[in-house]
Amino acid sequence: MSNLHTQRKTRPTLQDIADRVGVTKMTVSRFIRDPNSVAEKTREKISEIINELGYIQNRAPAMLSKSSSKAIGILLPSLSNQVFANLVQGIEQVTKQRGYHTLIAHCNYNELEEEEQIAFLLSYQVDGLILTETKHTEKTRQMLRSAGVPVVETMELPEQPIDMAVGLNHMDAAYHVINKMIANGKRHIMYFGARLDTRTKLRMEGYDKAMLEAGLTPQHILTDEHSSFTLGGELLLEGLKQNPELDGIFCTNDDIAIGAMMECANKGISVPEQISIVGYNALDIGQAISPKLVSVDTPRFEIGKKSAELLLDALAGKRQKNSLVDMGFSLTLGESL
């Protein structure tokens, strides 16, 4: 089990960098304020040591840096995706009860932006971090090692967590869905994916596994665009163009699934008789349309709660034995399958 929470006092300081480079602390401070104010060779050396040590700038008052800030950082991949609102609500139910505040940033599904935002959150001396991605740059990992604060990765289950993780197995969820579609007689099933983030790829792997085991040909329609109802309709038209025998669609999220269902209605295609459609994340709108959408229900509120509990327990010196928690999944009741 990681001992990140015991390492906070080892966070690199300006003096550590100065000692390694062989310059004064004032020179390092000047470099951080304005790199061009330092000679080029010195600038290169300081930059190299900062990256090596995973130095984190401290924007908090000095008095805060000596004690708990009573704040945790939450890093989301998107602020426009309502899926993550449920996660934050679960987190804040726990943090409020325990007297902690939250700082929220977002990284636009980009590892380099995540690196920048984690540096920003750590510079305000947050006591811990809850992340929603599991692929990180090496610099991010070094910063987290240097910061020594507890970290929870959420929404999925990485093979080698940085510290703790709470999520679900997206491959298993997709595999379960496709096997149900096959059991219902569907043979020409496509996978619609957008954004192409880690979770979209994991779902695709589960889809592929089920299709290949059944002796069927996997067919993907993928885009790195933002998900939307409009996009779902466009992907349906492209799917029918590629395979007129299309009789099943598994979508990486509900926005795409509902857009595909709306386009089926426009085209006079009956769901699920002609084409079965299954979504992901079980948004409320899926239960408000007709036919009701079958979707993978991901327990985001519970994931948020459990993540906050693990993090705050670690901060209190009461780490839970299980640092990798699978919260599972279920399928919503609906008529589209």
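E133, E156 and R199 are joined in a network of salt bridges, a salt bridge being a side-chain nitrogen of Lys or Arg within 4 Å of a carboxyl oxygen of Asp or Glu. This is a predicted model, in which local features need pLDDT of at least 70 and side-chain atom pairs count only at pLDDT 80 or more, while totals for chains, interfaces and linings use all residues. Residues are numbered from 1 along each chain as its sequence is written, and side-chain values use heavy atoms, with hydrogens and water left out.

Look at E133 and R199: their closest N and O atoms are 2.9 Å apart. E133 sits in the loop between strand 3 (128-131) and helix 7 (138-147), and R199 in helix 9 (residues 198-213), 66 residues apart. Helices (H or I, at least four residues) and strands (E, at least two) are DSSP runs, numbered from the N terminus. E133 has a relative accessible area of 8% and is buried, as is R199 at 3%; buried means under 20%, exposed over 50%, and partly exposed in between (1.4 Å probe, protein chains only).

The structure holds eight salt bridges. Another one pairs D313 with R98 at 2.8 Å between the closest N and O atoms. D313 belongs to helix 13 (residues 300-315) and R98 to the loop between helix 5 (83-97) and strand 2 (101-106), so the pair ties together parts 215 residues apart in sequence.

Now find strand 5 (residues 164-167), where M164 and V166 on one side and A165 and G167 on the other are all buried. Strand 5 runs parallel to strand 4 (residues 151-155), with four bridges joining them; two strands pair if DSSP finds at least two bridges between them. Three bridges also join strand 5 to strand 11 (residues 324-326), again parallel.
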